[in-house]
Amino acid sequence: MKWSKEEVEAKLAEIIAEVTGFEPEEIQAEDSLSEDIGIESFDIVDINFRVEQVFGVKIGDGMFCNFRDIFENPKLIDENNFLTPEGIQEMKRRIPDLDSSNEIENEGQISFAAMLAQVKVHHFVHFIEMQLAESDDTP
């Protein structure tokens, strides 16, 4: 099935609403997943599973909204839960839209929580669109 951007946005809002108790129409593209919607790490697991089921895409280790490997890697996050320069680069690789944020350029002095607060619904929509496009290209 081909999904339009509007359909992806609407379906993702439904999924997030099912997990969080919000109404789908309350979920906005610019909402921060953690700060505005209150999504916790266990919610991400549930949302990722539902996204995989609905859209037929895979959200594996090292992909968008699957950050456990970053949090557990001392090369990517220090003992104070600040991202290292390598950790910032890995977050930028997973979510390229974060490059435009001023906070991300803080010379490694951004906490993992602050980074997650920058992840918006529209980043997730973009990720799903990229995964769908890749699956369309696969013979």
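Modeller: Helices (H or I, at least four residues) and strands (E, at least two) are DSSP runs, numbered from the N terminus. This is a predicted model, in which local features need pLDDT of at least 70 and side-chain atom pairs count only at pLDDT 80 or more, while totals for chains, interfaces and linings use all residues. Residues are numbered from 1 along each chain as its sequence is written, and side-chain values use heavy atoms, with hydrogens and water left out.

Biologist: Which pattern does the protein follow along the sequence?

Modeller: The protein contains six helices and zero strands. Read along the sequence, its pattern is therefore α-α-α-α-α-α.

Biologist: Which residues touch the most other members of the largest nonpolar core?

Modeller: A nonpolar core is a set of buried (under 20% relative accessible area, 1.4 Å probe, protein chains only; exposed is over 50%, partly exposed in between) Ala, Val, Leu, Ile, Met, Phe, Trp, Tyr and Cys residues joined through side-chain atoms within 4.5 Å. The largest such core has 34 residues, and those touching the most other members are Ile 16, Leu 33, Val 51, Phe 124 and Ile 128. Helix 1 (5-20), helix 2 (41-55), helix 4, helix 5 and helix 6 (121-137) each supply at least two residues of this core.

Biologist: Which residues of helix 4 are buried?

Modeller: Helix 4 spans residues 85-94. What covers its buried residues includes helix 3 (68-71) and helix 5 (112-117). The buried residues are Gly 87, Ile 88, Glu 90, Met 91, Lys 92 and Arg 94.

Conventions:
Contact means heavy atoms within 4.5 Å.
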